[in-house]
Amino acid sequence: MPAKINTRFAQSDAYISQLMRDVRDVPAQGAFPMGRRTFFKLAGAGAAGLVLGFHLPGEAFAATAQAGKDQAMNAFIRIAPDNSITIYSKAPEIGQGIKTSFGLIIAEELDADWNHVVMEQAEINPKVYGNQGAGGSTSIPRAWDQLRQAGAGAKAMLVAAAAKQWKVDPSQITARDSMLSHPSGKSATYGSLAIAAANMPVPDPKSLKLKARSEYRLLGRRHRGVDDPKVVTGQPLFGIDVQLPDMVYASYTKCPAAGGKVKSFNDAEIRALPGVLDCFVVEGTGVPAEVMPGVAIVAKDTWTAFQAKNRLKVDWDLSEASKDSTTEFSARAKKLAASFPGKPVVDIGNVDNAFANAAKTVEAYYEYPFAAHAPLEPQNTTAHWHDGVIEVWSPSQQPNRGLANLAKVTGVKEDKVVIHQTRVGGGFGRRLVNDYMCEAAAIALKVKTPVKLQWTREDDFNHDFYRPAGYHQFKGAVDKNGKLDAWQEHFITFTADGKKEASGANLTENLKYSTIAPNLRRGTTMMPLVIPTGAWRAPGDNAQVFANQSFMHELSLTAGRDHVQFLLDAVNTRVPELAPKDPKTVNFSPARASAVIKLCAEKAGWGKTLPQGSGLGLAWCYSHAGHVAQAVELSVDANKRITIHKVTVVIDVGPIIDMAGSEAQAQGASTDALSTAMGLQINIENGRIKQQNYNDYPTLRMPFAPKVIEAHFIQSDNPPTGMGEPAFPAFAPALGNAIFSATGERVRSLPLRNLGYSV
């Protein structure tokens, strides 16, 4: 039986496909009518989210319809007598702009006056809202129909109330900017109708007429982020900002080598320090995603807890601790690459025959390092154990998973777990795992007063769920017409459980569509790894696309073909075995792929004459249901200093919700990808992380960011997909291809600083 695959790295195959199945398979349903703060009364309603048509008991509903009070139209919308509208965002805001986008989707169908909409974070209750996580760029596709129906359903109830009062046909009533009007001259604000509307029958979702894209008045325009004023003025939004009465503060120290356990520590010395209230060992569950063994220090403030942490001396049991070494991994991978696995994961056509009869062949070996998430807000959670309830305030990306995590760690039922979602100060996939939340809860069980657990920056680097390193041995063939005829790829990666080497599938599903060849063979060899890994912005694609699309450039040059035309031929090659078997889970389209490649080439000025030492590179990817092409124009001086003159990004993710937010995501992803490609690397020796802070992990500084990043969007009536991740993966190969064009040096490993490059 094959060793357990590193499932966190395989997420674009298993995890992302499952997310897309969730998106497409959940039936469209309606919204609960519910009062303010009555979310937990809906426990029997099922988990599909919006469920118009499932009624609460009359007395619970009627309790919200009172003169002078805000009226809850459904789980997402509350309308006040002054005509202001509160909309609840069900998903975590991690900087991707979802709180703004969710509000715009609802407000569009509601025909609300956006200037008088207030956005609030919804309570965490999957039985009401369905999935409340943020990851895999699935927030928009998961919620698209659900949110539109929430807005349209509330508007239908308002129209029904007006029609009843005015004794007119509802079809004659027009809604616009939170007002209803009739040709007779009658008009009313939403606020004045809210009480009556809240008592109207909840409409059948099938009866709702949702807007066509041509009718949008809010979607597709540029909007300011709803939290922007609070962010720039430093108002408390993030987990690190939480303050509660009688709160104490905690640090938590785990073994620097993953898997180590506490033998003993200098507890008497720590207890004697001024301001320290308690210190103790937490045995935990032994699961990295929950609570690994460690020492908790509780103090009067964070500074005191950190000072005590610096004095902590722990005798660690290292018998089961990691001894992983990136130096050893790299050396072993090169040896393993020489022998293709005996059993391919994919074997289409006749690869050996294609190589034997090829006009030209080329081989190459690519590698990239482990990487940390390094969010600016270190992990933290405030927890309070009281009255048999564990209550937490946390910047999680997956609070819905946190309900089960906390129930397990604390031994209570999920209905005794309360999670308050805060804004997240950087996620990138790190906060898909709730270990910091679980640690805070475990400490709170012993403290029994509100306690804030705050990690240090060094904790964040030491105990991440890292992006795994990867190693690719390629061989490709082009035919006499200069087209890609055969592709062989041996991918060396890691197991998830530290067991012996094995073969198995661990290639990102998306690469099936960016390397379509009539003769295709892929295989995987896995090395044992103890250190935990996890989803990292654009899981799988973020690094594998670098290797894949860089080698595609090598093949186009070998063929003597224009690179853009070579890519277009490849994406339009029809291989029945690679055709998407389920359109609910895969949205890949050769036409959409071709369109982004062509437009990117056009906007970047593909084929223009450039000065000596300058280059233009282009790459494309299908990532997280988005079709994206990127081009980088740069120059390289004699000291290998890179100046990026322009980045061009062309994206097809369906209709754009918020143009300003989407442009920011495209620009941010490109900048993040440049930072990663240039300098980011995690080294591991004897199971310990070498990089401890930003001085060892040189994230890109603003003066060196690209000065011009142009984002272009191909909009359509296809269902919208996410923006947070698709614009990341194609940047690194476009950068590498541009460097080759400028210098003739092929970049086959990252980060570039190891090759002497700088910006």
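**Group meeting: fold contacts, cavities and cysteines**

Start with the contacts. Of those in the chain with a separation of 6 or more, 78% join residues 24 or more positions apart. Keep in mind that this is a predicted model.

Now the chain overall. It has 759 residues, and 62% of them count as buried. The secondary structure comes to 20 helices and 28 strands. The accessible surface is about 28,700 Å². Carbon and sulfur atoms hold 51% of that surface.

Next, empty space. A probe the size of a water molecule, rolled over the atoms, shows where such space is left. How many cavities of 30 Å³ or more does the structure hold? There are 3.

I'll take the second largest cavity. Its volume is about 70 Å³. Which helix gives the most to its lining? Helix H19, residues 659-679, with 3 residues. The lining also has a class breakdown: 8 nonpolar, 2 polar and 1 charged. If you want to select the lining on screen, here is the list. Pro-369, Arg-467 and Asn-542 are in it.

Last, cysteines. How many disulfides turn up in a search of the whole structure? The search finds 0.

Note on methods: Residues are numbered from 1 along each chain as its sequence is written. This is a predicted model: local features need pLDDT of at least 70, side-chain atom pairs count only at pLDDT 80 or more; totals for chains, interfaces and linings use all residues. Side-chain values use heavy atoms; hydrogens and water are left out. On a 1 Å grid over the protein atoms alone, a cavity is a set of points where a 1.4 Å probe fits but cannot get out, and a pocket is an open set with protein on both sides within 12 Å along at least five of seven lines; lining residues have an atom within 4 Å of a point. Grid points are joined across faces, edges and corners, and a volume is the space filled by probe spheres set on the points. Helices (H or I, at least four residues) and strands (E, at least two) are DSSP runs, numbered from the N terminus. Ala, Val, Leu, Ile, Met, Phe, Trp, Tyr, Cys and Pro count as nonpolar, Asp, Glu, Lys and Arg as charged, and the others, Gly among them, as polar. A disulfide is a pair of cysteine sulfur atoms within 2.5 Å. Buried means under 20% relative accessible area, exposed over 50%, partly exposed in between (1.4 Å probe, protein chains only). Contact means heavy atoms within 4.5 Å. Accessible areas come from the Shrake-Rupley method with a 1.4 Å probe; for residues, only the protein chains shown count as cover.
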